[in-house]
Amino acid sequence: MSNLNQFQSFAKRNEQKIANNNKAVIYTRVSDAKQQDNTSLESQRKYCTEYAINRNFDICGYYGGTVASAKTDDRKAFQEMLTDVRRKKISNIIVYSIDRFSRAGASAISTVEQLNRKGINVLSVTQPVDTESSTGTFFQNINLLFSKYDNDQRREKTITGMRQRLLSGYWMGVAPLGYENTRNEQNIPIIVPGDKAKIIRNAFLWKANEGISNVDIVKRLKTHGVKIYKQHLTRLFRNPVYCGLISHSLLDGEIIQGVHKAIVSKELFLKVNGIQAKNSHGYKQNKVNDNLPLKGFAKCEGCGSPLTGFLVKKKGLYYYKCKTIGCSCNRSTKAIHQQFEQLLSKYEITEKMIAPVKTQMKYTFEYYNQSKKDQEATLKYSLKAIEEKIEKVQERYVIGEINDDLFQKFNKKFVAEKEEIENELNKGGINSSNLDFYINESLELFGNLNSIWASSDYTRKQKIQNVLFPDGIVYNRQKDKVQTSKINSVMELARCLSMSLNENKKGQKADFANLSPLVSPKGFEPLTASLEGRCSIQLSYEPSLIFFCKCSIHSDSYRSTSPH
């Protein structure tokens with residue numbers, strides 16, 4: 001018979017708990033600096049210290065001592081405390097009341113349960129319970145839920161007050177660019193046109209009368225001392241506050257006439273947004289014709305001019321034609337469409353390869369973008385924290401706890417920090433939580449390129465064409481051939497993975513270690529140039545259709561060696 005001691009390393013053990021000891025830390029917190037009496041920071045510390053001394057606890061440290069919302073458990077001092085009690089094997093956390101520990105409801109209950117499993121008890125001075133019994137744990141959880149309920153009630157009252165002000169036509173929060181915060185004769189906070197109102201009005205006029213791009217307007221504004229990003233300018237043009245109206249998420253889609261003075265007329269505002277709807281990039285849109293989806297997308301290889309289209313009425317047939325005089329590059333739409341569909345068919349993935357390619361693409365994506373995911377998580381954590389600060393400042397301002405000067409000072413600071421974080425997140429252009437969705441969408445497209453393109457309407461065809469072939473296609477009249485110089489990186493990646501996996505009978509994941517020198521470590525920035533016939537791949541998303549990478553990559557004549 002085998003000796004069972006030889007198998008001890010395979011035995012399963014319970015989660016290791018901190019041995020019960022008299023070590024304790026004290027955590028104090030207030031959500032408002034004006035809190036007094038027994039809920040002030042000094043009072044909490046005093047009562048918690050007395051509680052610890054009376055029970056012979058060894059106080060190992062004081063944490064918190066700050067003004068912080070407890071709506072979530074992402075507070076910096078709170079997380080620091082949890083880390084230290086685990087690391088230093090401290091088995092007691094003392095708080096004045098359970099709502100000082102957390103007001104996060106179910107999330108707080110989960111945090112307390114995790115601490116209990118580690119052998120760490122949360123002890124309340126004013127709500128003593130036996131946390132080692134099921135009854136005591138139940139009552140502690142009830143207190144945590146009531147704290148969340150109290151928070152929710154306060155929030156409802158605040159939102160009701162904010163919505164009522166919006167319905168009365170008053171702008172909420174920091175004044176938008178071009179306006180300033182002030183108070184009227186009744187001491188009610190309002191916004192009025194500021195010293196930049198004139199230049200903002202000029203920006204609307206430039207857009208409406210000259211039809212120039214937002215990039216050019218940003219440059220003009222900079223010469224007038226107004227620095228703004230292109231994305232912010234787009235939001236500015238779409239904000240009806242500038243024509244005297246109020247729009248806010250609390251209004252649930254309703255538009256309210258504001259009491260503030262408009263900077264531009266409603267007619268000018270609508271004209272600007274009409275121009276933007278037709279032309280957000282400063283070029284003229286071609287007239288839609290379902291019979292000519294490749295018009296402007298296909299170019300003549302001989303002279304480089306985009307192919308236009310025309311109808312031969314006698315034959316009832318459409319043709320593509322080069323606009324250069326004397327080039328004589330013309331061909332029927334039927335012939336060119338057939339060749340384009342043949343080009344698409346080269347990139348289709350067989351149904352049996354969909355599942356393994358999907359697995360391999362996820363592996364590839366995660367291999368190259370782990371550091372970016374970590375950076376995004378940090379940014380999202382910071383964004384969540386700053387949004388809570390903004391909400392808290394606005395709440396205190398509405399109920400009159402802080403004056404206008406303090407509100408302007410801190411809200412402006414927090415909003416600037418929020419915009420900075422959002423800009424960093426937007427640089428990534430990715431939401432990795434939707435990775436499965438985008439991969440599924442992509443592979444569905446790659447498995448049915450011909451039929452999807454052929455059955456789509458004009459707009460859908462344009463979208464597919466531009467995503468798959470960023471530089472368009474060229475037509476060689478002499479060779480009667482359609483080809484392309486640049487294809488979508490993920491499209492080529494999927495095709496190469498399909499070929500490689502089809503040859504790999506063992507079905508193992510490919511080794512990507514040798515590709516690391518070819519890939520920029522920044523993750524989602526514009527990619528590096530290709531080396532020795534291989535392509536440098538970075539993944540990002542095109543939310544409207546498919547995730548893709550803007551890179552210079554293979555032509556339609558395939559190489560025999562897969563770079564992926």
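1. Set aside the neighbours within four places in sequence, and Asn 184 is in contact with Tyr 170 and Ile 190. Contact here means heavy atoms within 4.5 Å. This is a predicted model, in which local features need pLDDT of at least 70, side-chain atom pairs count only at pLDDT 80 or more, and totals for chains, interfaces and linings use all residues. Residues are numbered from 1 along each chain as its sequence is written, and side-chain values use heavy atoms, with hydrogens and water left out.

2. Where does Asn 184 sit? Asn 184 is in the loop between β5 (179-183) and β6 (189-193). Helices (H or I, at least four residues) and strands (E, at least two) are DSSP runs, numbered from the N terminus. Is Asn 184 buried or exposed? Asn 184 counts as buried because its relative accessible area is 17%. The cut-offs are under 20% for buried and over 50% for exposed, with partly exposed in between (1.4 Å probe, protein chains only).

3. The backbone nitrogen of Gln 186 is reached at 3.0 Å by the side chain of Asn 184. A polar atom of that Asn 184 side chain also lies 2.8 Å from the backbone nitrogen of Ile 188.

4. Now the chain as a whole. The protein chain has 16 helices and 16 strands. Of its 564 residues, 43% count as buried. Take the contacts in the protein chain with a separation of 6 or more: 65% of them join residues 24 or more positions apart.

5. Leu 294 counts as buried because its relative accessibility is 0%. Not counting residues up to four places away in sequence, Leu 294 touches Tyr 320, Ile 336, His 337, Phe 340, Trp 453, Gln 465 and Ile 473. Leu 294 and Lys 461 are 167 residues apart in sequence, yet their C-alpha atoms are 8.7 Å apart in space.

6. Next, follow β13. Two strands pair if DSSP finds at least two bridges between them. Strand β13 (residues 473-476) pairs with strand β9 (residues 298-300) in the parallel sense, over three bridges. Within this pairing, Val 474 of β13 is the bridge partner of Lys 299. Strand β14 (residues 481-483) runs antiparallel to β13, and three bridges join them. Here Val 474 stands opposite Gln 483. β13 and β14 form a hairpin with four residues between them, and Asp 480 in the turn has a positive phi of about 50°.

7. How many bridges join β10 to β11? Six bridges join strand β10 (residues 307-312) to strand β11 (residues 317-322), and the two run antiparallel. Leu 307 stands opposite Cys 322 of β11. The hairpin of β10 and β11 has four residues between the strands, and Gly 316 takes a positive phi near 70°. β11 also pairs with strand β12 (residues 330-332), antiparallel, over three bridges. In β12, Asn 330 is the bridge partner of Lys 321.

8. On a 1 Å grid over the protein atoms alone, a cavity is a set of points where a 1.4 Å probe fits but cannot get out; a pocket is an open set with protein on both sides within 12 Å along at least five of seven lines; lining residues have an atom within 4 Å of a point. The count comes to four cavities of 30 Å³ or more. The largest cavity has a volume of about 50 Å³, where volume is the space filled by probe spheres set on grid points joined across faces, edges and corners. Its lining includes Arg 165, Trp 171, Asn 181, Ile 190 and Tyr 397. β6 gives the most to this lining, with three residues.

9. The largest pocket holds about 1,900 Å³ of space. Of the 41 residues that line the largest pocket, the closest to its centre are Ala 175, Pro 176, Leu 177, Val 415 and Glu 419. Which element supplies the largest share of the lining of the largest pocket? α12 does, with ten residues. β5, α8 (230-237), α11 (354-398) and α12 (404-428) each supply at least two residues of this lining.

Definitions and conventions
A polar contact is a pair of N or O atoms within 3.5 Å; within protein, one must be able to donate a hydrogen and the other to accept it, and residues adjacent in sequence count only if both atoms are side-chain atoms.
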